[in-house]
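Please look over the structure shown here before reading on.

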Amino acid sequence: MEDELMALPRLVPPAAGYDAHDDLRAEVREFLADQLTSGGFTPSADAWLTGWNETFTKALADRGWLGMTVPTEYGGHGRSHSERFVVTEELLAAGAPVAAHWIADRQIVPSLLKYGTEAQKTEFLPRITRGECFFGIGMSEPDSGSDLASVRTRATRVDGGWTLTGTKVWTSGAHHAHAFIALARTAPLDPAHRHAGLSQFIVDLRGTDIEVRPIISMNGGHHFNEVILDQTFVPDSMVVGEIGQGWQQVTSELAFERSGPERWLSTFALLTETTDQMAERRIARDADLGRLVARIWGMHHMSTAIAGALERHEAADVPAAVVKVLGTTTEGDIADYADLRVGDELPHDAGFRELVAHAADQRPGFTIRGGTNEVLRGVIARGLGMR
């Protein structure tokens with residue numbers, strides 16, 4: 001039993017259809033082991049959101065693990081979504097600090113490949129692949145979180161481009177990032193067609209007409225920001241896709257945001273350490289830990305299935321919403337499980353306590369970011385034809 005507990009979380013073995021990538025998975029694990037030995041990073045919960053480490057990002061880029069699905073003509077590596085998934089899964093399972101490149105590689109790359117102009121692809125994709133260009137997401141607003149149709153940031157047509165005025169919140173990494181893609185209204189809100197009149201723009205976050213204000217978490221952490229746009233000029237060359245088609249573009253983009261392994265692996269490093277603590281008899285044995293491992297195994301299969309669907313260019317918005325709801329609930333339950341047991345009479349080392357505390361601090365956001373689970377249940381119900 002102890003051997004099984006020790007082995008289970010060293011990440012779940014490859015799913016059916018991924019056996020061809022065993023060598024790649026082993027290569028990533030070897031890299032991560034070397035990084036841990038050399039002190040390159042300390043495993044953490046929610047590291048894909050809070051672990052900003054540009055040195056680590058550059059090390060990944062040097063190995064060809066950024067821009068993996070970017071075509072070679074844009075400086076990428078022309079590899080498959082399934083190969084990228086393997087790399088991503090291993091990084092997240094190790095609690096590696098991948099926040100610097102995360103949004104650019106996960107979300108901006110497929111968006112630009114699908115909707116970007118030739119000039120945009122040429123400018124941004126090679127830099128993202130080299131780990132030299134970092135992005136944020138400009139969707140959420142005050143009083144307009146999961147209900148993106150109610151955004152109030154407006155874009156006004158001017159000579160040579162547009163001026164954007166409004167406020168974006170919960171913008172992860174905006175104080176470090178070079179740019180973000182902002183969703184704005186280019187036409188007045190029509191109550192009968194709330195999703196019409198929205199457009200997307202690439203906004204330079206280092207411009208003088210932009211203010212980035214920190215949002216400090218209760219634990220003193222800073223990764224969220226408020227971004228204030230005040231008549232911010234965006235040239236026509238930085239319009240993403242078509243004016244007025246922002247909603248269709250965003251919903252396509254959200255499938256990448258909601259279905260990835262970060263929606264169920266944010267606390268995997270904690271799950272690993274918790275099984276070690278149980279194997280060492282520092283935590284009393286119970287069946288609940290096995291249930292959590294089983295749920296992670298199920299999420300692994302669901303998420304890899306959606307990765308395959310995205311690779312085949314199939315619609316995956318509803319399955320992605322399902323993964324997001326189930327996955328974020330699972331990773332939150334892992335945080336709760338460990339938090340409830342860290343106060344046991346048996347001693348725990350400082351590293352484990354710190355990992356538990358960080359996971360508990362981050363836990364409230366799991367089911368909110370990327371669309372609240374309450375809203376996504378509505379998406380799922382509508383997608384399944386339920387009334």
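## The largest pocket

The element that gives the most to the lining of the largest pocket is α8, with three residues; helices (H or I, at least four residues) and strands (E, at least two) are DSSP runs, numbered from the N terminus. This is a predicted model, in which local features need pLDDT of at least 70 and side-chain atom pairs count only at pLDDT 80 or more, while totals for chains, interfaces and linings use all residues. Residues are numbered from 1 along each chain as its sequence is written, and side-chain values use heavy atoms, with hydrogens and water left out.

The volume of the largest pocket is about 840 Å³, and of the 35 residues that line it, Trp170, Phe224, Gly365, Ile368 and Arg369 are the closest to its centre. At least two lining residues each are supplied by α3, α6, β6 (210–216), β7 (222–235), α8 (246–259) and α12 (350–362). By class, the lining of this pocket has 15 nonpolar, 13 polar and seven charged residues, where Ala, Val, Leu, Ile, Met, Phe, Trp, Tyr, Cys and Pro count as nonpolar, Asp, Glu, Lys and Arg as charged, and the others, Gly among them, as polar.

On a 1 Å grid over the protein atoms alone, a pocket is an open set of points with protein on both sides within 12 Å along at least five of seven lines, a cavity is a set where a 1.4 Å probe fits but cannot get out, and lining residues have an atom within 4 Å of a point. Grid points are joined across faces, edges and corners, and a volume is the space filled by probe spheres set on the points.

## The cavities

A search of the whole structure finds three cavities of 30 Å³ or more. The largest cavity, with a volume of about 60 Å³, is lined by Trp48, Leu49, Trp52, Ala99, Trp102, Ile103, Ser172 and Gly173. Two or more of these lining residues come from each of α3 (47–50) and α6 (99–115), and α6 provides the largest share, three residues. The lining of the largest cavity has six nonpolar, two polar and no charged residues.

The second largest cavity has a volume of about 50 Å³, and its lining consists of Trp65, Met68, Arg84, Val87, Thr88, Leu91, His101, Trp102 and Asp105. Here the elements that give two or more residues are α5 (81–93) and α6, with α5 giving the most, four residues. The lining of the second largest cavity divides into five nonpolar, two polar and two charged residues.

## Helix packing

How do the axes of α10 and α11 cross? The axes of α10 (residues 287–311) and α11 (residues 317–341) come within 10 Å and cross at roughly 155 degrees, which makes the two helices roughly antiparallel (over 145 degrees). Axes are lines fitted to C-alpha atoms, for helices over the stretch in contact, and angles run from 0 to 180 degrees between N-to-C directions.

Terms used. Parallel < 35°, antiparallel > 145°, perpendicular 65-115°, else oblique.
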